[in-house]
Amino acid sequence: MPSPQYDMVLLGPTGYTGRFCADHIVQNHPTNLKWAIAGRSAAKMDPIAKELQALVPDRVQPGMMSFLAFPSFIPLNHSF
Ligand SMILES: NC(=O)c1ccc[n+]([C@@H]2O[C@H](COP(=O)([O-])OP(=O)(O)OC[C@H]3O[C@@H](n4cnc5c(N)ncnc54)[C@H](OP(=O)(O)O)[C@@H]3O)[C@@H](O)[C@H]2O)c1
């Protein structure tokens with residue numbers, strides 16, 4: 001089986017709890033974690049990705065993906 005592109009994908013980063021979770025990942029998880037945020041709107045996720053990058057610039061930055069594609073070991077669902 002091929003390795004997934006990401007170790008972890010956070011669904012719903014544009015929401016209230018999703019944003020808390022994203023900040024927690026950036027500030028507490030290993031800096032080499034391969035992770036992504038997934039949502040319905042790239043326009044809404046773009047500024048969030050930039051803010052996350054500014055929080056801890058030296059870590060591997062999150063990818064961005066469509067809500068429906070999450071090839072990770074651990075999808076973290078913070079939506080609906
Ligand atoms: N708020 C709290 O204090 C709290 C506490 C404990 C548990 N929870 C639970 O956490 C969950 C999220 O609550 P929240 O307050 O964070 O909600 P929220 O602020 O309204 O955020 C909802 C998130 O889900 C996404 N979403 C909504 N409908 C979707 C759909 N049909 N397909 C894909 N994405 C969808 C939204 O994306 P878009 O930006 O694209 O709309 C947004 O990222 C709920 O189950 C809630 O019960 C909340």
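Before reading any pairing, I noted that two strands pair if DSSP finds at least two bridges between them, and that helices (H or I, at least four residues) and strands (E, at least two) are DSSP runs, numbered from the N terminus. Residues are numbered from 1 along each chain as its sequence is written. I kept in mind that this is a predicted model, in which local features need pLDDT of at least 70 and side-chain atom pairs count only at pLDDT 80 or more, while totals for chains, interfaces and linings use all residues.

Entry on strand pairing. I looked up the partners of S2 in strand S3 (residues 63–66) and found that four bridges join the two strands, which run parallel; Ala38 has Met65 as its bridge partner, and Ala36 has Gly63. The chain passes from S1 through H1 to S2 in a right-handed β-α-β crossover, where right-handed means that, with the strands pointing away from the viewer, the path from the first strand over the helix to the second runs clockwise. S2, H2 and S3 likewise make a right-handed β-α-β unit.

Entry on the overall order. I read two helices and four strands, in the pattern β-α-β-α-β-β.

Entry on burial. I call a residue buried if 20 or more other C-beta atoms, placed from the backbone, lie within 10 Å of its own, exposed if 12 or fewer do, and partly exposed in between. Five of the five residues of S2 are buried, with Trp35, Ile37 and Gly39 pointing one way and Ala36 and Ala38 the other. Of the 80 residues of the protein, 26% count as buried.

Entry on confidence. I checked pLDDT, the predictor's confidence in each residue, from 0 to 100, and found an average of 87, with 82% of the residues scoring at least 70. Where pLDDT is low, the predicted coordinates should not be read in detail.

Entry on Thr14. Is this residue buried, exposed or partly exposed? Thr14 is partly exposed, because 18 other C-beta atoms lie within 10 Å. Thr14 sits in the loop between strand S1 (6–11) and helix H1 (16–28), and its C-alpha atom is separated by 9.2 Å from that of Ile37, 23 residues apart along the chain.
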